Every structure is written in structure tokens, then in C-alpha cells.
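Here is a short report for a reader meeting this structure for the first time. It starts with the whole chain and then goes through selected parts.

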Amino acid sequence: MYSEILESIEKTYKDKDLELCLKAYDFAKKAHENQKRASGEEYFTHPCAVAKILVDLGLDAATVAAAFLHDVIEDTPVSEGDIKKEFGEEVLELVLGVTKLEKIEFTSKEEEQAENFRKIFVAMAKDIRVIIIKLADRLHNMRSLNYLSEERQQRMARETLEIFAPLAGRLGISQIKCELEDLCLKYLEPDFYEYLSTNIEERVKEGTGLIEHVVEELKKMMADSNISGEVFGRRKHLYSIYKKMKFRNKTLDQIYDIVAVRVVVNTIDECYEILGKIHNKWKPVPGRIKDYIATPKPNMYRSLHTTVVTNFGKVFEIQIRTYEMNRAAEYGIAAHWKYKENKTQEDEFDSRLSWIREVMEWQGGLKDSKEFLNTIKGDIYSSEVLVFTPKGDVISLPKDATPLDFAYRIHSAVGNKCVGAKVNNKMVPLSYTLQAGDVVEVITSQNSKGPSWDWLKIVKSSSARVKIKQFFKHEMKEENGKTGKAMLEAEAKRRGYNLSDLMTDEAYSKVAEKLSFSSMEEMYASVGYGAVSVNQVLLKLIDIYRKKQPVSDVNKFFVGKQQSASGVKVKGMEGILVRFGGCCNPVPGDDVIGFISRGHGVTIHRADCPNLKHVEDDRLIEVSWSNSLGGAYNANIKVIGDNQTEILSAVVAAVAQQKLSIVSTNGRTDAKTKQASVDFCIRLNGKDELEALIKKLKQCPNVSDVYRTAT
């Protein structure tokens with residue numbers, strides 16, 4: 001291993017670059033001395049293997065040096081200062097970008113993983129070489145995964161399949177992507193992997209003669225047209241075959257393109273000329289012709305694909321591309337260094353970086369690292385649909401994307417001012433599902449007040465969703481702050497607290513530290529626009545408040561002289577202020593229980609009130625209805641039927657017959673089911689009257705259901 005990497009370095013780098021690589025090699029070897037891997041090998045074999053992968057990809061000397069050093073800060077006494085002193089700022093930044101987060105306490109392994117990925121993305125936005133080192137690091141770890149426990153094998157393989165392999169694909173590095181996917185399959189589906197390995201090799205051997213025949217026929221075509229180039233057969237990697245079998249419900253016998261024949265020529269014109277000759281000789285399969293030259297994939301993959309039926313009745317996939325396209329397909333973004341003399345590669349490099357820049361633009365709008373990780377997964381996993389602008393530019397969007405996704409992909413300002421859309425010159429709703437090849441035109445208005453919250457249910461792309469949230473966060477900060485504070489106050493009151501009592505300076509500081517708020521205004525605004533939920537903030541405040549206010553005596557909850565209310569008795573106490581919970585509206589005859597509120601006496605709830613599920617037992621007290629009941633009580637019922645007007649008529653008639661009164665009504669009709677429901681608040685004297693009313697309403701022909709509600 002050591003001689004192999006040294007030989008590769010000496011062949012690839014010269015002068016100062018060679019000196020830098022050899023210095024990093026010696027430094028890392030000394031730092032990792034006496035350390036072992038799980039396999040029993042010297043630990044230094046790992047950084048050497050990572051460096052070798054990067055040398056083969058053609059990366060520059062600073063990246064290879066960082067590969068040798070990528071674990072020294074984390075696993076040895078070497079400090080950041082040591083790296084900077086010996087190798088300079090550039091190498092140090094690369095090493096730090098790859099090094100995992102340390103000295104930070106995380107609540108879970110998932111949170112730690114998510115924050116590490118966020119850190120890597122931020123670092124790779126500054127320097128794309130960070131993620132290439134990380135991919136090489138993960139590739140070698142996957143190659144030696146058999147030495148770890150089965151649980152760690154599964155976890156690492158799943159993480160690789162969810163994040164690293166798609167990332168390699170997004171950056172166009174098919175060499176690494178394909179090997180990572182096959183290694184993941186080996187550990188996640190070992191039986192399937194073994195089945196494919198054995199049977200595909202047999203299929204390839206059986207079809208060797210036919211493949212050679214097709215290759216020779218293609219070479220003749222090229223010779224007849226005076227086109228120089230290469231033709232060869234290449235077996236598709238196992239995971240791509242596995243996906244077709246699993247997700248398209250096919251058997252191995254139904255997979256025809258196990259081996260693809262590749263034609264590599266010098267120019268784009270020659271690509272199309274050969275494609276025409278192939279279709280003239282063999283019949284193309286309808287729907288299986290793909291032109292990724294005219295419309296490249298988001299990772300800038302370019303090639304012509306066609307599937308044909310040969311004279312022998314066998315189906316083959318043929319890929320046609322230029323040498324430049326072939327290099328880009330194999331090395332992706334790494335081709336920028338391997339073939340840096342080519343100006344076109346510079347253009348493709350910038351195009352590939354655009355996705356990373358876009359991710360960094362919207363990542364600040366996500367509330368935590370787990371949301372960032374989930375968003376990234378959605379972005380790199382989503383299958384694509386290619387649509388066009390009116391000027392003919394190609395835009396790649398996730399499958400099932402809408403005109404709103406298109407608008408936000410063009411620019412945030414276009415999305416925020418969008419009021420309509422045309423697809424193929426016809427007006428369509430903003431929820432319209434775009435199809436491949438659609439020409440999309442966004443209609444904007446300067447008078448638009450901005451996006452609607454409903455748009456979050458319409459858009460399919462992660463970036464559009466984040467940009468909409470960012471609008472509500474920044475453009476409506478003051479309004480969001482007022483809304484958020486009102487929401488917290490209302491929920492605190494519902495739970496029997498005053499927000500002003502809960503929101504002490506000390507309590508705010510603890511919540512701000514936990515949820516990363518820079519000010520109280522930001523906290524209120526975050527609640528207002530939905531970045532954090534009311535309960536995320538309030539439950540923490542209540543928890544802090546409870547710890548400061550231990551309950552040892554019921555009487556500690558009451559302040560001053562209290563008054564008794566008729567109708568309810570509090571066990572063992574007199575002169576206590578009693579009020580009824582507006583959340584469940586208990587009436588005489590209900591099973592009830594009391595909740596002790598500091599400074600507000602006892603609030604009477606129905607025993608089955610959902611708001612009492614999470615309160616501590618020492619805040620509850622036994623209560624009962626007294627013999628001398630007086631006054632009227634409110635109760636809530638919901639009536640469901642086919643027609644809102646008929647429901648209202650039925651309720652009014654029944655209430656009048658029982659000589660009761662209606663306090664309030666609120667009705668609505670479901671747009672999908674057409675079913676009407678009306679909520680009533682009824683003024684009555686007890687549970688008997690309520691049950692009699694419900695029974696009477698259930699007998700009405702236009703009513704399908706009646707039941708009591710909490711509110």
C-alpha cells in the first residue's frame with residue numbers, strides 16, 4: 001500500500017506539489033504511529049488509501065495532502081496550529097472541513113450526524129474539494145466495512161446510500177457513486193447481492209459473443225463514415241439492476257440492458273451521425289431514446305442513449321458520447337482538476353457548483369440541522385423533470401413539480417411575485433403538475449403581496465419551500481412577532497399560566513440557548529411564521545417555571561381572600577375562588593376535577609378533558625357538585641348532516657321546544673365530501689337537559705350524527 005501511493009504521487013506531481021504530498025505523507029505516518037484499524041492493519045493505511053483514490057481522480061496536491069492529514073486532528077495530539085504551521089492555511093481549511101464536530105454535546109446520534117453533514121456542506125460551499133475528500137474517505141471505509149459489527153455495517157451502509165452515493169451522483173462522479181451503491185447493497189441486501197453477482201456474471205459470459213458482434217458492427221459503421229473513436233461493452237453496476245428489479249417489479253430475465261455498449265467519438269456531430277446509422281440498422285425501442293446532450297442532467301451528465309432490437313431479437317442499450325463527455329461522466333466535478341486545461345470543463349464546473357451555492361442560500365432558513373439533512377435528502381433523491389423557459393433554457397425540477405417550483409427556481413423574487421402561469425401558452429393553476437418538455441411562463445405582478453402559506457402544500461422542491469418560509473421570516477418579521485407572542489399568550493392562558501410569569505430573563509436565556517434565538521423578538525417571530533411550534537417554546541418555559549415553583553402545599557397557589565362559587569365544592573376547603581374551564585364547559589352531572597392555578601383559584605374541568613392529560617397530579621384536586629345548584633351553564637355540541645341550513649333549522653326547533661337558548665354557532669361544509677357540520681354553544685341547566693337535546697337531534701332525518709365537544 002505505502003509503495004503504491006508513493007509511486008502514484010511521484011508519477012503525478014512535480015516540484016513543490018510533490019514536496020507537499022511527501023511532507024504530508026511523512027507527517028501523518030508519524031502522527032498515526034502505533035494506531036490500528038478494526039481490521040488489525042496500521043491505521044495509516046486508511047489515509048493512504050483515501051489519498052490514492054484522490055490521486056487517481058486527478059485532484060491537486062493540496063487535496064492529496066489534506067487526505068493524508070484528514071484524521072490527525074481528530075485522532076492524534078496534533079493541533080490546528082501544527083497543521084497551519086507545517087502546511088499552510090489552504091490545507092488546514094480542507095482538513096477542518098472534513099473533521100467531525102468535537103466538544104459539542106448532542107441529544108442524539110441523529111442530531112450529531114445531521115450537524116456534521118451541515119458542517120460539511122458549509123465547508124464544501126467554500127471549497128468543493130472538502131466533499132471530494134469526504135467521498136473518498138467514505139469509499140475506503142465502505143471497502144473495509146466487513147471488519148465492523150453487523151449493526152455498524154447496516155447503519156453506515158444506510159447512511160452512505162441515503163447521503164454519500166446520491167451526493168457523488170449529484171456531483172457527477174459516477175466512479176465513486178456506482179462503487180458506493182454496490183457496497184451498500186452488499187451489506188443491506190446480502191442475499192440479493194450474492195444472487196445478482198453470481199447470475200449476472202453468468203449472463204454476461206453467455207452473451208459475450210453477441211456483445212462482440214454488436215461492437216464489431218458499430219466499428220464498421222464508424223469506419224464507413226470515417227469516424228474515429230472507441231466501442232466497448234460495459235456491464236451496469238449491480239445496484240442499478242437491483243433498483244429496476246425491485247421498483248419496476250421485474251425479474252432478472254426481464255432486464256435487457258445488463259450490458260450497455262458505449263461509443264466514444266470526437267465531436268457532437270459525430271454522436272448524432274452514429275445515432276442515425278444505428279437506428280437505420282436496428283429498430284429503436286419507442287420511448288427509450290434519450291438526448292442528454294441537448295438537455296444535460298442536473299449533474300451535467302451528457303450522452304445519447306438508445307435501446308435497440310438487433311437482428312437476432314436481442315435488446316441492447318447503446319450510449320454515444322464524446323471523449324470529453326465520457327471524462328466528465330466518469331470523474332464529474334473532479335474532472336476540473338484532472339482535465340483543467342479544457343475551458344469547457346470550467347463551464348461545467350461552475351454549473352455543478354450552482355446547486356451547492358443554491359443550497360447554501362436557503363440553508364439559513366432551516367431551523368435545525370435535522371431539517372437541513374432531511375431537505376438535502378429530498379433534494380438529491382428526487383427524480384427530475386426537464387422543462388423549458390420561453391427562451392428555450394432547460395430547467396431541471398423534481399418529479400411532480402409545479403409552476404411555483406419553476407418560478408422559485410428562476411429566482412426568489414419571481415416566486416414571491418408570481419400571480420399565475422402559462423404552460424405551452426395556456427393558463428394553468430399554480431398547482432398544475434409539470435410534464436417533461438413543457439414550456440413554462442411565469443406571470444408576475446409588482447402589486448403581489450407575496451406568497452401564501454398554502455403554497456407550502458403545492459411546491460415539491462426543497463428550495464422553493466425554504467424560500468417561501470424565508471419570505472415569511474424576513475418580510476413579515478414585525479407581524480410574525482406580534483402573531484407569535486399572541487399565540488404563546490393564548491396557549492399559556494389555556495394551560496393556566498400567564499406568559500409574563502413564565503418569560504423571565506433567566507427562562508428566556510435558557511430557551512434561547514436551546515433553540516438558538518438571538519433575541520426575544522426573533523423567538524416570537526419564529527413562532528409566528530412556524531419555524532418553531534408554540535409548544536416547543538412554551539413547554540420549556542413551563543418546565544423551567546415548575547422547577548422554580550415546587551408544589552408542596554395546595555394553599556401556595558392562592559393569593560389573598562377568595563370567594564366561593566355556587567354549584568361546586570372543593571374537597572377540604574372553603575372560600576376558594578372557583579371558575580369553569582372554557583375548554584370543556586362542564587355542566588352539573590358531569591364527572592369533574594379541579595385544577596389549581598396560581599393566584600386564580602381552582603378551575604373546574606370535566607374529568608375527561610384532554611388538557612389535563614399532561615399536568616402533574618399535585619395540581620389536581622377533588623371537587624364535586626353541591627346539592628344547591630343555581631344558574632345556567634354552557635355546553636358545546638357538534639351536529640353533522642347533509643345540509644347546513646337544515647341542520648340549523650333542526651337545532652333551533654329542538655332548542656326552542658326545550659326552552660333553552662343558543663349562545664353561538666359556527667358552521668362549515670367540506671369541499672370534498674359536501675358534508676356539513678355546525679358547532680353550537682347551548683345555555684342549559686344540567687347534563688340531563690343536554691342529553692335530552694342530543695337524543696332529540698339524533699332523531700331528525702337530516703342529521704347523521706350529534707355529539708358533545710370539548711370546545
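Helices (H or I, at least four residues) and strands (E, at least two residues) are DSSP runs, numbered from the N terminus. The model is predicted: local features need pLDDT of at least 70, side-chain atom pairs count only at pLDDT 80 or more, and totals for chains, interfaces and linings use all residues. Residues are numbered from 1 along each chain as its sequence is written, and side-chain values use heavy atoms, with hydrogens and water left out.

## The whole protein

The protein has 30 helices and 21 strands. Of its 711 residues, 49% are buried. Buried means under 20% relative accessible area, exposed means over 50%, and partly exposed lies in between (1.4 Å probe, protein chains only). The accessible surface comes to about 35600 Å², and carbon and sulfur atoms hold 48% of that. Accessible areas come from the Shrake-Rupley method with a 1.4 Å probe; for residues, only the protein chains shown count as cover. Contact means heavy atoms within 4.5 Å. Among contacts with a separation of 6 or more, 65% join residues 24 or more positions apart.

## Two loop residues

Most residues other than glycine have a negative phi. Asn226 is not a glycine, yet its phi is positive, about 55°. Asn226 sits in the loop between helix H13 (208–224) and strand S1 (229–235). Is Asn226 buried or exposed? At 72% relative accessibility, Asn226 counts as exposed.

Asn425 also has a positive phi, about 70°, although it is not a glycine. Asn425 is in the loop between S9 and S10. Its relative accessibility is 69%, so Asn425 counts as exposed.

## The sheet around S9

Two strands pair if DSSP finds at least two bridges between them. S10, S9 and S11 form an open sheet of three strands in the order S10-S9-S11, with antiparallel pairing. Strand S10 (426–428) and strand S11 (440–444) stand at the edges; each has a single partner strand, so one side of each is left without a neighbour in the sheet. Neighbouring strands of this sheet are turned by 35° against each other on average, direction ignored. Within S11, Val440 is the bridge partner of Val423.

## A helix pair

Two packed helices are described by the angle between their axes and the distance between the axes. The axes of helix H9 (residues 129–143) and helix H10 (residues 150–170) come within 11 Å and cross at roughly 140°. Axes are lines fitted to C-alpha atoms, for helices over the stretch in contact, and angles run from 0 to 180 degrees between N-to-C directions. H9 contributes residues including Ile131, Leu135 and Met142 to the contact, and H10 contributes residues including Met156, Phe164 and Leu167. By class, the contact of H9 with H10 has eight nonpolar, two polar and three charged residues. Ala, Val, Leu, Ile, Met, Phe, Trp, Tyr, Cys and Pro count as nonpolar, Asp, Glu, Lys and Arg as charged, and the others, Gly among them, as polar.

## Helix H16

Which residues are buried in helix H16 (residues 323–331)? They are Met325, Asn326, Ala328, Ala329, Glu330 and Tyr331. Just after H16, Gly332 takes a positive phi of about 55°.

## Strand pairs

The table lists selected pairs.

| Strands | Sense | Bridges |
|---|---|---|
| S9 (residues 418–423) and S11 | antiparallel | five bridges |
| S13 (residues 578–580) and S15 | parallel | three bridges |
| S14 (residues 592–597) and S15 | antiparallel | six bridges |
| S18 (residues 633–641) and S21 | antiparallel | six bridges |

Strand S15 (residues 601–606) is mostly covered: six of its six residues are buried. In S15, Thr603 is the bridge partner of Arg579, and His605 stands opposite Ile593.

## The sheet near the end of the chain

An open sheet of four strands has the order S19-S20-S18-S21, with antiparallel pairing. Strand S19 (661–669) and strand S21 (703–709) are the edge strands, and each pairs on one side only. The twist averages 20° from one strand to the next. Arg708 in S21 is the bridge partner of Ile637.

Helix H29 (residues 644–657) lies across S18, S19, strand S20 (676–684) and S21, running at about 15° to S20. Helix H30 (residues 687–698) packs on the sheet and touches S18, S20 and S21; its direction makes about 160° with that of S21.
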